[in-house]
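Q: Please take a close look at one part of this model, the interface between its two chains.

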Amino acid sequence: MSEFEPQIVAFFCNWCTFTAADLAGTSRLSYPPNLKIVRVMCTGMVDPKFVIKAFLNGADGVLIGGCWPGDCHYINGNLKARRRVANLTEVLKQYGIGEDRFWLRWIAASEGTMLKEVAINMTEKLKQLGPSPLRNMGQMAI
Amino acid sequence: MAKFVKVSFQKDGMNKELSKFFKGLLANGAVDAVLTPMAQARKGVRLSLVTSPDHTAQVDPFAPVAAVSGAKIASSLTARPSGRKIAMVLRPCEIRAVVELSKLNQVNLEDTLLIGMDCFGRYENTDFAKFQEQGGTSESFLENAQAGKTATADCDITGACKICEFPAADNVDMKLCAIGAENGAVYIEAVTEKGEQALEKSGAKGGGAPAGRDEAVKKLVAARTEARDKKFAEFRETINSFEVLADKLAPCVNCYNCRVACPVCYCKECVFVTDTFRHNGEQFMMWADQGGMLKLPNDTLFFHLTRMTHMSLYCVGCGQCTSACPNGVDPMPMFRACADKTQARFNYQAGRSLSDELPLAGFKADELVEVTGQVK
Ligand code: SF4
Ligand code: SF4
Ligand code: FES
């Protein structure tokens, strides 16, 4: 049987983390292909519904990547995102999707190496954890 | 110093005595209107808006029923204010929802006099009808509830009330006190200066403080808190996976009655009834194709999880969601258990204070560092 390959939906802010992903690419840093990147203008526009929907549709993990506090191009979108993530984590954790499957990370435009590390670490972690409980439910979850 | 007025009454005379207080409020211009539970001309008890002192005879503030949350009514009456002063007699859970709605700019407290009634619990709408048919009255209810007996032959107060640790209201100008009061008396308490002025103007006078009240409230709160914690433990023990949650939600038909009834589901237009969720046939086919089948209506789990994310921070545990569900889903424990977690995360408690900032309205650079675990 082939090894379990987790599906990670990654919401990256255009200005920092998406640029970091670009940088990782141009610097020829290779990172696991498990990330399915969705480019958003800012972490502050990641509606919790996007995250819930990603999990319901079978994502094993959701990663939100944005600018460090102080660097958000919309001043404080990332700080709002952090509160929403804390809130949503409390909701999902009750039923088995905890911090280990749902990550928020600050990755600046220049931090291509960090992006690579986060991608590797998250993929590894999810391989250990196995498929998300919602993925197992398949269409029942939709 | 809180000021009390004792309202003594003969058997079956409580509402008649209480109506004098409301009549006084209106006749002497303390307020221009009173919103209070009232016996309706033919059947049932509903919140009613009284503007004439000649129409206070039917007041029934302690009736153990809340057909809809009074907080929603308070919002309708004040969000776009009339400019007239209104006294609102509400249950503690309704007051707590009013506090949240006021912070969400959906209740305007400027011209209001908030009167919180002591609450031993309420019956479901249909149960209350039976209770009345069997001769039950607010007086008999209070008398029995004081003795710890809320159940009748075939019904009891709602599951939400049984685990509600807020039987007495806070953040009010006045209270109608029944907990710990001797038979044949209830008390009107003025809490704020505004309340004191209104009490004075109403002309209600006399009597002392209810001696046993503090103790009785404490005892009731302790018992309710214990019941609540037991319920949470039981819920978390059994409903702790998405699979079991989906089982619990299996009877749900996505009618959204629960969120219509919820006093703190604050969105003016719920996203689940917008075009975002008006999919075309092709989309449904695509979803069905993914797994070979698709349950319809779909998005049941999605709806409830989204609602938890949206409003569990403001959930006051009133149980209106459960009362409104036509399919016996009982969403209340699900939302209260969730609220317990989300509110604790932000050290927030729905309804506690008008000055605590809404958790999702503010944000700081140096907080919640544990979310990312990263420090520069
Ligand atoms: S979720 Fe249910 S218990 Fe909580 S405030 Fe809304 S209606 Fe009341
Ligand atoms: S839980 Fe009940 S009230 Fe809420 S949407 Fe489902 S069926 Fe309707
Ligand atoms: S612009 Fe990058 S997080 Fe806001």
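How many residue pairs does the rule find in polar contact across the interface of chain B and chain A?

A: The rule finds 11 residue pairs in polar contact across the interface of chain B and chain A, both residues at pLDDT 80 or more. A polar contact is a pair of N or O atoms within 3.5 Å; within protein, one must be able to donate a hydrogen and the other to accept it, and residues adjacent in sequence count only if both atoms are side-chain atoms.

This is a predicted model: local features need pLDDT of at least 70, side-chain atom pairs count only at pLDDT 80 or more, and totals for chains, interfaces and linings use all residues. Residues are numbered from 1 along each chain as its sequence is written, chains are lettered from A and ligands numbered from 1 in the order in which they are written, and side-chain values use heavy atoms, without hydrogens and water.

The rule also finds four salt bridges across this interface (a side-chain nitrogen of Lys or Arg within 4 Å of a carboxyl oxygen of Asp or Glu). The side chains of A:E90 and B:R345 form a salt bridge, at 2.8 Å from N to O.

On the side of chain B that touches chain A, α9 (242-248), α11 (281-291), α12 and α14 (332-345) each give two or more residues. Helices are DSSP runs (H or I, at least four residues), numbered from the N terminus. The largest share, seven residues, comes from α12(B).

Contact (heavy atoms within 4.5 Å) takes in 49 residues from chain B and 36 residues from chain A. The two chains bury about 3,900 Å² between them, 65% of it on carbon and sulfur atoms. Buried area is the accessible area (1.4 Å probe) that two parts lose on being put together, summed over both. In chain B, the residues that lose the most area to chain A are B:F242, B:F363 and B:Q374, together 19% of what that side buries.
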